[in-house]
Amino acid sequence: MSGRHRPHWQLPLTSKCELHGQVLGTTDVLQISTRRPRRFARRTVIKCPKTYDELCKLPGVGPYTAGAVASTVFGQRVPAVDGNVVRVICRLGAVRATAAKAHRHCTAQATRLLPEENGPLCGQLNEALIEFGATVCTPRKPLCEQCPLTAHCRAFAEVSTEPQVASVGRVGDIEDVCSLCSSDEDVERPTAVTVFPLTAVKTKQRVEHTVVCFVEVRNGNSGVLVPIVQRPVQGLLGGFFELPQVTIAADKSAVAHARRSAADQLLASLLGVGDAALIVERRDCGSVGHLFSHIRQTMFVEHVVLAESAKELIDRHIVDQQQRLQARTVKLVTHQQLTDDAVSAGNHKAIKLALTGVGGEKSTKKRKTAKRQ
């Protein structure tokens, strides 16, 4: 199906920007092609930043996304460095460092490769590097015999026995001039180009226990409203919204009244709701797990329904927090808006568990047991 006949949420990012001249929702720039693309059609229109620095200021937009948009859409002379580009540059220079440690070096090298002036060639070169890493210089089975850069590849020279290739020059002493590379005592001589970049030693996932409150505030004939909180822009899931939640010690997570006490303190401090008389209904929904690369999180979900009179207290508390310039933004949304907003995947699991009772660890174990039987 041609781009002209496809719905606009299925168009490539370049076409979207050209079609609208604007990007919808500051927190959706990163998510347009990865999470809930149909949200794109329902967002409030804002003017799209056109420079790398301006794009980087948007919540959820990092250097790679900003570089890809700025160079591909607007022709700005900035690199777009993802894992593919890091791998290609590390192998070309036989850089003995992990991808994370070599990232700044690879960004500088990728910038040097770009044309001297702004223009469409900047985006095309960035795309070519990314595509080259994805199709030729792959992580596990690189196509070295078909690669047009083997004559310039130091990693290939180090593992090759062909004299004409080895004449490129071995870089066994590169650590003498490069602060990135590990010493020979730490790293064995490479036997394949796949050694580069070096593999980082994986850190053990830390276990985190969190009490998550799915709060519904009755709002007359309009149904219910759900309070959500914005995470700090810097850090894990920066700028995303989440349900009110608090981390508790592992020994307390197993005790129901300890979890209930933590939830009470959270509701009082975050929403200004400290009166138990305002709680119409309350139930423990169970727990649901969520994995990050470095965190194994268990969320204990509690469903709390507040009386209509609680809305006025919450509104006053939110205004008071804003006047005190509190770091966290709290807002009340409908169930539909809760689906549309940039809420993390882990919180969507908690919402599903609270509303349907499906997705908890107990129900998941039951389904697995039933399948085995």
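Guide: In this predicted model, helix α10 covers residues 256–271, which is 16 residues. From its first C-alpha to its last, α10 reaches 22 Å, close to the 22 Å expected at 1.5 Å a residue. Several of its residues are buried: Ala258, Arg259, Ala262 and Ala263, together with Leu266, Leu267, Leu270 and Leu271. After α10 comes Gly272, and its phi is positive, near 75°.

Positive phi values also occur in residues other than glycine, and Ala94 is one of them, with phi near 50°. Ala94 sits in the loop between α4 (83–92) and α5 (99–113). Its relative accessible area is 0%, so Ala94 counts as buried, the cut-off being under 20%.

Leu237 is another residue other than glycine with a positive phi, here near 55°. Its place is the loop between β4 (224–230) and β5 (241–242). Leu237 is partly exposed, because its relative accessible area is 24%, and partly exposed means between the 20% limit for buried and the 50% limit for exposed.

One more backbone detail concerns a peptide bond. Phe196 and Pro197 are joined by a cis peptide bond, with omega at about -15°. Pro197 belongs to the loop between α8 (163–166) and β3 (206–218).

Terms used: Residues are numbered from 1 along each chain as its sequence is written. This is a predicted model: local features need pLDDT of at least 70, side-chain atom pairs count only at pLDDT 80 or more; totals for chains, interfaces and linings use all residues. Side-chain values use heavy atoms; hydrogens and water are left out. Helices (H or I, at least four residues) and strands (E, at least two) are DSSP runs, numbered from the N terminus. Buried means under 20% relative accessible area, exposed over 50%, partly exposed in between (1.4 Å probe, protein chains only). The expected span of a helix is 1.5 Å times one less than its number of residues.
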